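Me: Please examine the structure shown below and answer a series of questions about it.

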Amino acid sequence: MAIISYKNVGIHSLSACVPRKVVQNSELDYLIPKEDLDKTIHSIGIRERRVAEKDVCSSDLCYKAAERLFSDYGIERDSIGALIFISQTPDYRQPSTAPSLQDRLGLPKTVMAFDINMACSGYVYGLSIAYSLASQEGIGRVLLLVGETMSKTVSDHDKVTTPLFGDAGTATLIEKGEKYGSSCFVLYSDGSGSDMLRIPYGGYRNPSCREGFERKTDEEGNALGGEQLHMRGMDVFNFGLRVVPSGIKEILKLLDMEIEDVDLIHFHQANRFMTDFFAKKLKFPLERVPYSLEYFGNTSAASIPLNMAYTMYDGSYPRRKHVLMAGFGAGLAWGTAYLSLENLRISQLIEY
């Protein structure tokens, strides 16, 4: 595992943008029998999802979120030294999307800008990199843009993925400052499980071809093509149960803290049954575990910042000094972060 600690770096502000289009999981009775559908919705905790229009990309949602940050907090664009864009649904295979966002946002050409291809652990990984860059004398502030339009990758005839995934874009501004105190990140990976969540075709291992576009029906009746997301649901579920509670225990041990010392845990918004189980296994109060997946679904790497924006904007959860974040997903990759959100500014959620 990688253990990374920082002092005097933190999150200045945060915003999030979701598509206006709302899709109700109760409308999936064409795919899942009504009696099973009600159980599914109750178990995963997702009643509705936001779905981007065909011409809206992850970068568009992140652009809107970033513009809101600049507007709400009077952030000087030339104070940005680095821009990181994290997504598995970029604008193009080539070039990377981050430089185009630098240009769209009117940031100076002195900004370093790059993409990271990460799934549901992406926000925790991205923060660890943003904190590292912001610690440098020659960087200044770091703009971390995390967004996904996972709905574009999912077959509408797949009972496993269709009820889960939604779309969102987020913007997080990281800067130096003594007021932010100490933070720590513990990061892991296990590529032996990379086939649990995968789009098999469309890359360079299996390029786009006729076979990749053919929709095939599996033994469970799910029909999906090779360029759509394939997920082995129970394997992913068991992976989460195996690594997330132990990852949290590991970082608490490193920090010489007890679970009782933690104010909040922001879990990746994957599945309500799963994350409730994490909290119970850790003996952590559920009332200190914020949730937003009921309204937005699993937005992959964007889920933790979206959860923060939605649940904390109105002043809820005022105890924010000792906060844990846990991201986990495709790769396989996972990580836990400890940081303070006492000085965090949050913009009102945008619909686009």
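Me: How far apart are the closest N and O atoms in the salt bridge of R215 with D156?

Reply: The model is a predicted one. In it, R215 and D156 form a salt bridge. The distance between their closest N and O atoms is 3.7 Å.

Me: Where do R215 and D156 lie, and how many residues apart are they?

Reply: R215 belongs to the loop between α5 (210-213) and β11 (216-217), and D156 to the loop between β7 (141-149) and β8 (167-176). The pair thus links distant parts of the chain, with a separation of 59 residues.

Me: What is the relative accessibility of R215?

Reply: A residue is partly exposed when its relative accessible area lies between the buried limit of 20% and the exposed limit of 50%. D156 is partly exposed, at 41%. R215 also counts as partly exposed, with a relative accessibility of 44%.

Me: How many residues apart in sequence are the parts tied together by E351 and R50?

Reply: The salt bridge between E351 and R50 spans 2.8 Å, N to O. E351 is in strand β18 (residues 350-351) and R50 is in strand β4 (residues 48-50), so the pair ties together parts whose separation in sequence is 301 residues.

Me: Which helices hold D60 and R104?

Reply: The side chains of D60 and R104 meet in a salt bridge of 3.1 Å, N to O. This pair links distant parts of the chain, 44 residues apart. D60 counts as buried at 14% relative accessibility, whereas R104 is partly exposed at 34%. D60 lies in α2 (residues 58-73) and R104 in α3 (residues 98-104).

Me: Why is strand β15 described as largely enclosed by the rest of the structure?

Reply: On one side of β15, V323, M325, G327 and G329 are buried, and on the other L324, A326 and F328 are buried. Both faces are therefore covered. Strand β15 is largely enclosed because its buried residues number seven of seven.

Me: Which residue of β15 is the bridge partner of H266?

Reply: Strand β14 (residues 264-267) pairs with β15 in the parallel sense, over four bridges. The partner of H266 in β15 is M325.

Me: Which residue in the turn between β15 and β16 has a positive phi?

Reply: β15 runs antiparallel to β16 (residues 333-339), and seven bridges join them. G329 has A333 as its bridge partner in β16. The two strands form a hairpin with three residues between them. The turn residue with a positive phi, about 145°, is G331.

Me: Within what arc do the buried residues of α1 fall?

Reply: The buried residues of α1 (residues 34-44) are L37, I41 and I44. They line one face of the helix, because seen down its axis they fall within an arc of 85°.

Me: Which exposed residues does the face of α1 turned away from its buried side carry?

Reply: The cover over the buried residues of α1 includes α7 (272-282) and α8 (293-296). The face turned away from that buried side carries E35, K39 and H42.

Key. Residues are numbered from 1 along each chain as its sequence is written. This is a predicted model: local features need pLDDT of at least 70, side-chain atom pairs count only at pLDDT 80 or more; totals for chains, interfaces and linings use all residues. Side-chain values use heavy atoms; hydrogens and water are left out. Buried means under 20% relative accessible area, exposed over 50%, partly exposed in between (1.4 Å probe, protein chains only). Two strands pair if DSSP finds at least two bridges between them. A salt bridge is a side-chain nitrogen of Lys or Arg within 4 Å of a carboxyl oxygen of Asp or Glu. The arc is that of the directions from the helix axis to the C-beta atoms. Contact means heavy atoms within 4.5 Å.
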